[in-house]
Amino acid sequence: MTAPVAAARARQLPKLADPDAPLLEVENLVTHFSLGSETVHAVDGVSFRLNAGEALGIAGESGCGKTTTALSLVRILPANAKIVGGSIRLHGIELATKSDDALMNALDPVRRIRDQIAEPIVVRLGVPEREARRRAGALLERVGIPERRGSAYPHELSGGMRQRAMIAMALACDPAILIGDEPTTALDVMVQAQILVLLEELRRELGLSLILITHDLSVIAETCDRVLIMYAGRVAEEGPVRAVFGNPRHPYTRALLSAFPSIEADRRTLEVIPGAPPDLRNPPPGCRFAPRCPFVMDVCRTVVPPETSTPDGVRVACHLYPTAEEPA
Ligand code: SF4
């Protein structure tokens, strides 16, 4: 089973380095994978901020770096991956260089659900086992699983129930941020809607921030305040959901939205993005979308597009949008 829900535990950190800092600040994050003698440039200069109580959706095609970005945040990368640059600050505290300041939970198939939820409460918070098991039962009830079902093993629960159990595990240590990696994938639409409602309720009640990684733009439109569109390891566009989806600037964002089915649109009008994402062992210089972009210019093939900020709060990295003039 994958582990789609993780939590960053800001509240257990000893003290805030900067109480006025955004909850999470990621700057120029670079994460590489080693494949034999080759290097995969999976995440290349990703920056974003997350404020308290905010929900950020990260979208893009498979292999665009969205999951690697999330795994970098919680420092649970595979053995052949490494953060090689940039900064991850939680409440102003640098995490990119810390050894273990993050948490990821996945269900262990041979342990009962309640035990798995109680364990981090004992280990991380130092709560006595009896009280931890009581809290685990309450968390199960809170996410919609009857407390008595805590004695079940993961395989005895439905897909939706397992997803709820993982959310309960993520909440066990009073997190500040929930990170959901495709939390609704493989669920039918009714269960998907229930999980999204649950995440929204938890966000409101517990004041959590949320990072939602999904290829499903409608999930982001429904759930998130801001959206970050990634392409080939870089940020293509980021901003408020309404601004980005209502007026997409980056050609890749436009293509992604055109390729996504809408309940109002005629399915025959769906477009396909021609070509395939680049091989990140040897990405093209300049704009990585250039080989697929209908607006490509000479400059795109050689110069990495700088980010431009628009008046409605969107950042876009594309040569179609020149940066502000340098003062003379
Ligand atoms: Fe297309 Fe050039 Fe913009 Fe890249 S920088 S998206 S190639 S117009």
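**View 1. R114 and E147 pair up in a salt bridge.** The closest N and O atoms of R114 and E147 are 3.3 Å apart. R114 sits in helix α2 (residues 113-125) and E147 in the loop between α3 (129-142) and α4 (159-171), so this pair ties together parts that are 33 residues apart in sequence. A salt bridge here is a side-chain nitrogen of Lys or Arg within 4 Å of a carboxyl oxygen of Asp or Glu. Helices (H or I, at least four residues) and strands (E, at least two) are DSSP runs, numbered from the N terminus. R114 is buried, at 13% relative accessible area, while E147 is partly exposed, at 32%. Buried stands for under 20% relative accessible area, exposed for over 50%, and partly exposed for what lies in between (1.4 Å probe, protein chains only).

Please keep in mind that this is a predicted model, in which local features need pLDDT of at least 70 and side-chain atom pairs count only at pLDDT 80 or more, while totals for chains, interfaces and linings use all residues. Residues are numbered from 1 along each chain as its sequence is written, and side-chain values use heavy atoms, with hydrogens and water left out.

**View 2. E119 meets R111 in a salt bridge.** The N to O distance between these side chains is 3.0 Å. E119 counts as partly exposed at 38% relative accessibility, and R111 is partly exposed at 28%.

**View 3. A salt bridge joins E238 and R226.** Here the closest N and O atoms are 2.9 Å apart. E238 belongs to strand β11 (residues 234-240) and R226 to strand β10 (residues 226-231), so the pair links parts that are 12 residues apart in sequence. Both E238 and R226 are buried.

**View 4. E25, E27, R49 and R89 form a network of salt bridges.** Side chains of opposite charge can pair when their charged atoms come close. By the rule used here, the count comes to 22 salt bridges.
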